[in-house]
Amino acid sequence: MARQPGGGRVELAFLAATAATTSVSAGVVLRLWRADLRVPFVYFFDAVFNATAVKSILEHGWFLHNPSLGAPAGLDMHDFPLGGENLQFLLIKILGLVSGDWATVMNAYFLLGFVLTALTAYVALRQTGSSRWPALALASLFTLLPYHFVLGETQLFQSAYYVVPLGVLLVVDVLGWDVWQGPFLAFAAPDRRRVGLRRWVVRAGVAAVIASAGSYYAPFTVVLVVVAACLRVLAGDRRTALRALAVVGMLVAVLAANNAPSLLYRHDHGGNAEVADRAPGESDLYALHVVDLFLPIQAHRLAPFAALKERLDGLWPASPVWPAPQTPLGLAGAAGLALSLVAVASVAGVPRRPPTPARARMAQVGLLNLAAIVVGVATGLSSLLAVAGVTEVRVWSRLSVVIGFLALVAAGQAVEAVWPRLAGSPAASRLPPQLARSLGAGVAVLAVVLGVLDQTQPGMAPPYAAIGDLFAGDRDFVAGLERRMPAGSAIFQLPLAGFPEHPTIASMPDYGLLRGYLHSKTLRWSYPSIRGRPADWAWSLGGRSLEAVLDGATAAGFTGLYVDRAGFADRAAGLEAEMGRIVGPPTLASEQGLVFWDLRDRAAAQRMGLGAAAVDRLRRHVLAPVVPRWAEGFGRPVAPSWVPEPVPGQRLSTGADFVPYPALPGRSFETRRPAVSPAVLELRNPLPERRPVYLRLTVTTTAAKGDVVTFAAGGTAPVHVTAGPDARPGELALSLAPGTTRVRITSAAGAGFSIGNVLVVDDGSTP
């Protein structure tokens, strides 16, 4: 790269201009003048979970434990590691010093992501050879990719992809690019060893930032560093492999250090297969669509492009690959990607002369892009990684943002190769000097304007008014609830929902029950508890009558019932009618579908009627349920499915194994876990006393003519269930000693079978 006039002040001015250009453009796309920063931009699905993490950090210091959730024990998040985002959490904590309002902080952090991404992209582009104005334009276009807006606050910590350019710097450094001569990393020292040490300090610092702010982008960087090392080894440079190994070691070590609390917790408490247990095949489900990298965005501003996108999307409606609307790279990114791939083809041929430095670099970028594509596509190398156990990284379509930056690096190399020719042409030499100097600035500004129009569309602005109405309704509802209930009151929530991650329940999306907590200051909430741990007790109330559920909840110390009508197929009409009979009319209700009953009188009547000893015994049994464990012979659960019932049913599952409450008239939820004979289901009784229970479940067989499946446990007469292709019910009465009881399940036909809708009813929990 030719040295440009000016020094550090000029670079800082361009950095500021890049950040300002990006910020203004993002503000226009998002129509921020319509926003209220005290209301989240997204108030739905994963954004609610992210909001909970932000609120936990602001109120409780960090995200790992929240005493306001998962009552009575509190929510412990060690089984759902988010350590790869610790730097992001630290930034959120710093923003919390300015404002204690979680919505304001979440919005501010989302907007800060545009600034940080613009800055790192500009620095990386300058270090890889782009001049100032091209670097400004390309960094802005990278920051304003559809990826940033589509992920938004729904994937708050993935949409902040400012570490991606830093990862690319590490990769091209391994490739042998001299990234140390640019304006930001040039080291001048008489001692060569001192210069080398400084470079390693920078590499280590960059690796630490990447592995602390990108649980996806750190593994992506590792993959590309390994690819770059292989390319250098093939070129005869084996020493580079040692450098790459050191970089990979730093990334892995920092990522492990960030997740050390979760790793130590699992060492002390054992693993938890019920949480984020990713199947290897999910890497194919969330794979990269290569053609989408080149396609226009959905609802493009230009009608022909919008029609093209709609038409091409219609060609594969039945594709098993998850649609990823965030992956288009825009015209600039698509052009850079195409140029890099063409450069690979031209260099791979038999050139008449050696390639120019620019073309050689573009070819190297093209090889990196090809490697990313080979890894990310369905049945690509990501499938081998998944089989090897790397299943936590499953959304390989997110490689698109890495490919996008590599493509813009290639575009920058092309500009640097072409621009001197254009500037030295006869036509350019006839321009007035001042106009010639301004030409680069004009082209850069025009590129940003056209790129923004190409990469964004009006639908990327949040529906502020609709979100504001829902948000205000929830806020007022919870405020009314807190005015009525004493501080510290525990609120039981329905429908029962697993955590983390559960399928949509009726029309209530995942994490919908967290909305109450987000507006609460003084209350404790039953949802959520980590699935598969002792604190996750509420599922054991599933399959019971509403009156039994209320008895268990009040005995466990809950003095209120919070219901989200969206979690019921009949909008909770049946539940409200039954609650009217048992308790009375709702204490509070909102237009947004939230309903609340004060249970303090019922709790007092329960203690008076049963006596303190009986209520305390019931509390122990409710909070320490018998826990089933799939010990031997069982496979992964089959996705839950709805099945019609001729008579209104009362079953809904929020996971793939258990059958919790509430009733959904006209439908039953069927779960299946495949097994081979003999299989063992373990029942763990955590109490120091014997307890009688009924084990209820359903059996389905693959045998063509049916099968007899036998359940046997020590000291109990075996139970035989005649099974067929449809689910058949079975029940086994047991008296469980403290500790673990093994239930052996065998098939007379020797065929495969499935066990589902598991329910353990504790006879001793109800006096």
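Predicted model: local features only at pLDDT ≥ 70, side-chain atom pairs only at ≥ 80, totals over all residues.

What follows is a short exchange on surface, cores, strands and backbone geometry.

Q: OK, surface to begin with. Which residues make the nonpolar patch of about 530 Å²?
A: The patch is made by Trp133, Val445, Leu446, Val449, Leu450 and Leu453.

Q: Which helix gives the most to it?
A: Helix H21, residues 433-455, with five residues. Valine 445 is found in that helix.

Q: Now the inside. Which residues touch the most other members in the largest nonpolar core?
A: Met77, Phe142, Tyr217, Val401 and Phe405, out of 140 residues in that core. Helix H4 (residues 102-127) gives the most to this core, with 12 residues.

Q: And is there another core apart from it, and what residues are among its members?
A: Another core of 29 residues lies apart from it, and its members include Leu494, Ala538, Leu541 and Ala553.

Q: Back to valine 401. What is it in contact with, leaving aside neighbours within four places in sequence?
A: Valine 401 is in contact with Phe142, Leu145, Tyr147, Tyr161, Val164 and Tyr217.

Q: Where is serine 397 found?
A: Serine 397 is in the loop between helix H18 (381-387) and helix H19 (399-423).

Q: Buried or exposed?
A: Serine 397 counts as buried because its relative accessibility is 1%. Setting aside neighbours within four places in sequence, serine 397 has contacts with Tyr286, Ala287, Leu288, Trp322, Ala324, Gln326 and Thr327.

Q: Switching to sheets. What is the strand order in the open sheet of five strands?
A: The order is S4-S3-S5-S7-S6, with mixed pairing. Strand S4 (524-525) and strand S6 (588-589) are the edge strands, each pairing on one side only.

Q: How do S6 and S7 pair?
A: S6 and strand S7 (residues 594-598) are antiparallel, over two bridges. Alanine 589 has valine 595 in S7 as its bridge partner.

Q: What about strand S16, how many of its residues are buried?
A: In strand S16 (residues 753-762), 10 of its 10 residues are buried. Strand S11 (residues 691-701) pairs with S16 in the antiparallel sense over eight bridges, and leucine 695 stands opposite valine 760 in S16.

Q: What is the phi of asparagine 757?
A: Asparagine 757 has a positive phi of about 45°, although it is not a glycine. Asparagine 757 lies in strand S16 and counts as buried because its relative accessible area is 6%.

Q: Which peptide bonds are cis, with omega near 5°?
A: Among them is the bond from alanine 71 to proline 72, where proline 72 lies in the loop between strand S1 (65-66) and strand S2 (75-76). The bond from leucine 494 to proline 495 is also cis, with omega near 5°, and proline 495 lies in the loop between strand S3 (490-494) and helix H23 (515-518).

Definitions and conventions. Residues numbered from 1 in each chain as written. Heavy atoms only, no water. Patch = residues over 30% accessible without salt bridge, like charges linked within 9 Å, V, L, I, M, F, W, Y side chains within 5 Å. Areas by Shrake-Rupley, 256 points an atom, 1.4 Å probe, with all protein chains shown as cover. Salt bridge = Lys/Arg side-chain N within 4 Å of Asp/Glu carboxyl O. Helix = DSSP H or I, 4+ residues; strand = E, 2+ residues; numbered from the N terminus. Core = buried A, V, L, I, M, F, W, Y, C linked by side-chain atoms within 4.5 Å. Buried < 20%, exposed > 50% of the residue type's maximum accessible area, 1.4 Å probe, protein only. Contact = heavy atoms within 4.5 Å. Pairing = 2+ DSSP bridges.
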